[in-house]
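Reader: I have a new model open and would enjoy a guided tour. Could we go through it feature by feature?

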Amino acid sequence: MTESPLPSQVSTVVIGGGIMGASTLYHLAQMGVSDAVLLERNQLTSGTTWHSAAQVRALRHSRNLTRMIQYSVDLYARLEAETGQNVGWIRKGSLSIATTPDRATHVRRQEALAHAFGLSAHWISPGEALERWPLMNGEDVLGAVWSPDDGRVSPSDVCAALVKGAKARGARLFENTGVTGILTERGRISGVETNRGTIHCDAIALCAGLWSHELGAMAGTDVPALACEHFYLLTKPVEGITGNMPTLSDHDAHLYIRDDSGGLLVGCFEPMGKPIAPGLLDESFAFGLLPEDWDHFEPMMLNALHRLPALETAEVKMLLNGPESFTPDGMFMLGEVAETPGLFLGCGMNSVGIASGGGAGMNLAHAIVHGRTAYDLSEADAKRFAPQFNSLDHLMARAPEILGTHYEIAYPGRQLKTARNLRPLPLDAEHRAAGAHMGQFYGWERPLYFGKTTEPAMTFARPDWFESVRAEVMAAHEHAALFDASPFGKIEVKGAGACAFLQHVAAANMDRTPGSAIYTALLNERGTYESDLTAHRIAPDHYRLFTGTAAIKRDLAWLTRHSTGFDVTLTDSTEDYAVLALMGPDAARIIAETGAPELNDLGYFKVGPAHIAGKHVRAVRMSYVGEAGWEITCKAENAAPIYHALTAAGAKPAGLYAQTSMRIEKGFAAMGHELDGDLSPVETGMIGMAKKTGFLGAEALAKRAETHARTLVTILLDDQNAQPLGHEPVYARGQIIGQTTSAAYGYRIDRPLALAHVRNPIDGAVIELDIAGTRFAGHMQFAPAFDPTGKGIRP
């Protein structure tokens, strides 16, 4: 413990001395922030880090999350040489066994994904799996995926090495220094109060693990994370354990297993965890553990006895019960918050803190120093949660389920069951009466499909909802369908400077006449995507922006940050309005019969006022599904009579699955799939929609166009029974050339299809997709799979 006095002023304060805090401090110092300090209420690694099982498995569901953990692996491997501190890095690989056909499909999909990301992973036979884990009962094992480069570390030693490296660059650690308050000035971070005095600063990295929710509240910021009990069994030495062994993952039984000091460590992520109520873990809980709970662990123990017969005679050292923090979606929070500029989160690690910590700390430091993560990590964005998820009641319900999903099979269409019905749509009652099966998006309950009210069976085969979605797509194609797009984020941009402001931040020309709709990218200084949105110019000084459902908090914060110097106000109007998309060849008749024949005179991408069922609406002639129609905006309280009028005239309710299938057929790109912060309009083939100059990112985009080319293509598969889900590797001439981003069955073209980013695409070239270890043939093309003119699809 250092006794030196606290500094009165620094650039950045890191709160929390676990793996995330230590890594963030190290990387801040490495990036030149030599005055950074880390404040730890107790001692380094107290809380969660010290008792971590410390597995480091590289593969994650996205390229950049995998890249982040690969960075952790490289960092841990080099820390000892840099600092002289041994980190206990043991690379013995991992073995993921499958005991059911669906688990085999799941791990084979993971194997294919590993190949797409350049990782070593191989499907092996039950016999080969037993060779690697001779103590395992392999009678029910169907096969396994072997990942030879995975490993583990000593968590306390890693943190010690990181802090040592940070100190060598000028950063400082203050233990036994608890934060008692967070200071703000004009809404921005200005300092921290501690039990030893006040430190003024420009930025705070909140890496406080189990206590992040409470500390965030000090700054008026939502930090939706909650602790749950996490169990692993430790035994005394067991015959047959010689040296270090691979980590054994028996996820059908909810178990992970490895050697530990000659004995066994058997951990679990049981189907439903045990939440820890706030306040139970106070400032005295440093290196403490929670009471053993053998009744709760018993089902997992029975699973472990089946897999490891040697456990029957092994002598138990302890059943360790240590707290871990979980978020509402199972992903950690990283980056600057929306509510309080200067406050950055690095917490809610969902029991993967050691594996993620090296790379996550680097990215958090990068966000503090450079204003962005080193590469796109929007799936971990600290601004992605709806405010409703910060409720303790909802966290107490959701966090235990998230713990249980840790080892769930990634079935398409799987929905969480807890903390539901947080945000009903204005038409919630109407949708349920029509037989909607609902899914949760940013807290909203949104129809996925209609007409089948029983819970669907989870499967990798053709899903239960297949024919229901077909009927909705064909309704839009042959008659008329009504999609509820009310969850779109909506932002009112008003003021004399509205046009000038949007011309500055938007890539498209926003200086269109009132009554125009404009689709535009929002780019950053690097010329890559921050977001995309549609704007309606309602008046010379008023635009309404429509952005992604889960993007509203992020986009509003980004726009607000760039509005300085413009005479403009920005207001979130998401809950004030409903949006209904009426699409299909009968839409013109329906719109006329329900009172708005004048909308038939609107040109494409034109907005006009009208009345439907006697209620005021503002409709834009545009389509996200490749069928003619309108997106109709109305006051939320008027949605029901408008809905009833449109459906009575023949519009069929349709859900998100139908919309997604039609979007992919039409080749429309979506944020988080085809668009992200590492890509620009050059790669997506949309650079022609941008102005030449005069907007944020224009120069960078022009330079990127000199060195990059389009990579986005449509892929059409020959086998109608193929089931692409997205993220499959794309092969050409025996080599991986890219990866799918979105996939669906195309009902209008009657075959499976996907969108993908590939290197050096060739229009019409033959490709293969690896779907769970099976290659499916098809071809790529630049044109959309479906075009209303009939010119899109190749034979």
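Predicted model: local features only at pLDDT ≥ 70, side-chain atom pairs only at ≥ 80, totals over all residues.

Reader: Is arginine 103 buried or exposed?

Author: The cut-off to apply is that buried means under 20% relative accessible area. Arginine 103 has 4% relative accessibility, so it counts as buried. Its side chain also makes a polar contact, at 2.8 Å, with the side chain of aspartate 252.

Reader: Next, backbone angles. What is phi of threonine 45 near?

Author: First the general idea: most residues other than glycine have a negative phi. In threonine 45, phi is near 75 degrees, which is a positive value in a residue other than glycine. You will find threonine 45 in the loop between strand E2 (37-39) and strand E3 (55-56). With 5% relative accessibility, threonine 45 counts as buried.

Reader: And where is histidine 727?

Author: Look in the loop between strand E35 (712-717) and strand E36 (729-732). Histidine 727 has a positive phi as well, near 75 degrees. At 37% relative accessibility, histidine 727 counts as partly exposed.

Reader: What is phenylalanine 501 in contact with, leaving aside its neighbours within four places in sequence?

Author: Phenylalanine 501, which lies in H12, is in contact with Val493, Leu559, His562, Ser563, Phe566, Val568 and Leu570 once those neighbours are set aside. Its relative accessible area is 0%, and it is buried. For a sense of distance, phenylalanine 501 and lysine 652 are 40 Å apart from C-alpha to C-alpha, and 151 residues apart in sequence.

Reader: Now helix pairs. At what angle do helix H11 and helix H16 pack?

Author: A helix pair can be read by angle, then handedness, then the residues that meet. H11 (residues 466-478) and H16 (residues 656-666) pack at an angle of about 60 degrees, and their axes are 9 Å apart. They are therefore oblique to each other. The crossing is right-handed. On the H11 side, Val469, Glu472, Val473 and Ala476 meet Tyr657, Ala658, Ser661 and Met662 of H16. By class, the residues of this contact are six nonpolar, one polar and one charged.

Reader: Is the crossing of H2 and H5 left-handed or right-handed?

Author: The axes of H2 (residues 63-83) and H5 (residues 155-168) come within 10 Å and cross at roughly 55 degrees. That makes H2 oblique to H5, and the crossing is left-handed. H2 contributes Leu75, Tyr76, Leu79, Glu82 and Thr83 to the contact, while H5 contributes Val158, Ala161, Leu162, Lys164 and Gly165. Sorted by class, the contact of H2 with H5 has six nonpolar, two polar and two charged residues.

Terms used
Residues numbered from 1 in each chain as written. Heavy atoms only, no water. Axes fitted to C-alpha atoms, helices over the stretch in contact; angles between N-to-C directions. Helix = DSSP H or I, 4+ residues; strand = E, 2+ residues; numbered from the N terminus. Parallel < 35°, antiparallel > 145°, perpendicular 65-115°, else oblique. Left-handed = near helix turned anticlockwise from the far one by under 90°. Contact = heavy atoms within 4.5 Å. Nonpolar A, V, L, I, M, F, W, Y, C, P; charged D, E, K, R; others polar. Buried < 20%, exposed > 50% of the residue type's maximum accessible area, 1.4 Å probe, protein only. Polar contact = N/O pair within 3.5 Å; in protein donor to acceptor, adjacent residues only side chain to side chain.
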